[in-house]
Amino acid sequence: MKKTKKSRSDTAVQGTNDNSIVSKLSSAKHGYYRDNFLQYVVHKPARRSPLINRGYYIRAKAIDYVIQRFLDCSYHEAAGANKQILSLGAGFDTLYHRYYSLNKLNSTIVYEVDFPDLVKNKTKLINNNDVLKSAIGKEISNTAKNDTGISTATYKLIGCDLKNLRTFQESLLLHGIDCTSPTLILSECVLTYINPKCSSSIIGWAAKFFSNALFVTYEQIHPNDAFGKVMRNHFKQIGSPLKCIDSFPTKVAQIRRYESLGWSDNVILDMNDFYYKILPEEERQRIEHLELFDEFEEWHLKCSHYILICAFLGSLRCQTILGDIKSYQSVDVSPTTERDIYSHCHFLDGSSTKSLQRFGHKICLLDFNSASPSDNNGVFVAATGGFGLLSDSRHRRLSDITVFHIANDAKRNISLISSVQLDTPRLCHAAIAISGNKMALFGGRLSPLKHFNDIIVVTFNLETANKLPTNDDLSMESVNSQVTYKININWEKIIYSGDAPSPRWRHTATKIGRDKCLIFGGITENMKTLNDSYIFEFDSRKWLIASTVGSVSPRHSHTASRWNDYIVIYGGLGSDFKPVTGINALNVKDELDMQWTNFEFEPQLPTRYSHTAHVLEDRLIVIGGIDPFSNCTNELIDINLKDRIWKRFSLQEPNIEMPVMLHNHDSILLDHDQHKLYTIGGGGNCFSFGTHFNSSVLEISL
């Protein structure tokens, strides 16, 4: 029989259960949480990445947090004798068996509902496994027509399409559900796959059917930012689109939805709120040391796009069950004004130049001065390392030094000029321009187990393959189209002396004199976060430990920019993996007595990491970055270092299929006469939704 569009969609949604249960098992096997029963429902285990293991851990932990408190609470005011858990779209979840093994299901009946075909398979699986079957007890008479599930005194597995509310309610009643008993209704990434009208009908039905209930929902939000677009496209491509996310895209929209459907006592947390504000510090420390991990940006983005909603009615109240959890939610329920749009920016298409598409790399502006054939010959940019695309679209760690040219014409064509290979791939290193045609690379990593403290100096020599036309009447566009360039690239690994810094990555390098630079912070062995400072002298090829007075907290993924006599340190992630607040500045005027100081701002500056920053006169221009507690990071922050004031702007994204993620990118500032900035690369591994590389170059006029 040929499948209908509806049946194909239902099958695709059921397929998300298969992927989810394998990922849950991987997370449990690696010690993130305990579930001894997943091994019985997964036929083909697979190891997932640390990012996916963490993602399924936080999902399981957030739901468990609420269920445990629901089960532990006494409900003297409720009429029903038993507690009830109603799991919608339960799939192969092991909820019943987990809590049964913990002796948590006394006077509790668990109802699991899913598509009939899936329930048929789960029934067979349970009946064929002695461990699973012994836990559910003796099966009793099944009175529901066409029901292929299981019915015991404490466990009901029901095959039913949730979209048919009448049949759904009849099935529940036939299995003895009590509309007055305290009931937890669980929707774990379920309602979002049902169209808004039907899913809202389910929420509204529950508010009318149950007298004392708690509706727990875990699902996605924020479909319109870069990560959200990648996430939404992923589910669309696998045939299970997120049907509700456009109708309820934010926390505020979700809260209003439940309020309008009869749930007046509600709380909503995204997973960053839950991870940092609810989980105990010792539990976070345990998680952060289970596996080597260097995908902080993608972790925080994933957590900001998943929410936990708890909606209460009747005698079940939020304060009674979850305590002061509302104090941890970061929801602005008042009308918000749109952030100013920074309109002086353009997105240049670099999709035809695959080697532009990388992240975790570093770039430098090359300035050949008189060697350049024209003052208007465009911009030369050297890019090094990172993780990116090869010409055949494969992904890998990169070992190249590649020069790109951005033409100074109306089309702003971007072309690859020259490229050579280093001896080892690296990413998350630091780089500075020593002079117009020289740059230096410091450290970086191949993996969290293999990191460097070497120094590589790269020299670029520009030639022209043909001469410029001499006709003064030729337009600049025609000039650029007729000039081709050749750049010779040579590199050497420096043999140095002195007190060298430990191998590290996600650190910064900042020039502090004609032949000196300062290295600060980063991550080193065993994921230790650093706050040390070192000076390297290029002429003598010697390392010195910087002599500093005062203190500054450890951090990585920050920026360090030269302003007058100061190195201005902004943002970063601290040793507790929380964003560092404010600006610290190191006065480097006297290298024998360099002093740390804090720059105070009112209101306080936004937190950021994995951003870029440049000084333009007295302004620190900050581009992009990640803030776990704010979803708007594709923005520009203009900080006046002298007057201690700042303003933030949204960077208008183009209406393009491939969105722009402004983290893990790098940027250059042209000379102060042009007041122009370019970002190149950026993106990341978007949880289980695929790897995203920016294909656009952002040009910002300041």
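What we have is a predicted model, in which local features need a pLDDT of at least 70 and side-chain atom pairs count only at pLDDT 80 or more, while totals for chains, interfaces and linings use all residues. Residues are numbered from 1 along each chain as its sequence is written, and side-chain values use heavy atoms, with hydrogens and water left out.

The chain averages a pLDDT of 89, and 90% of the residues score at least 70, pLDDT being the predictor's confidence in each residue, from 0 to 100.

Now to the rings. The structure holds 38 aromatic pairs, where rings of Phe, Tyr and Trp (its six-membered ring) pair if their centres lie within 6.5 Å, and planes under 30 degrees apart count as stacked, over 60 as edge-to-face and the rest as tilted. One of these is Tyr 218 with Tyr 306, a stacked pair at 5.4 Å centre to centre with 25 degrees between the planes.

How are the rings of Tyr 534 and Trp 543 arranged? Their planes stand at 90 degrees with the centres 6.4 Å apart, so this pair is edge-to-face. Tyr 534 is buried at a relative accessible area of 12%, and Trp 543 is buried at 2%.

Finally, ring pairs join Tyr 56, Tyr 193, Phe 227, Phe 235, Phe 687 and Phe 689 into a cluster.

Methods: Buried means under 20% relative accessible area, exposed over 50%, partly exposed in between (1.4 Å probe, protein chains only).
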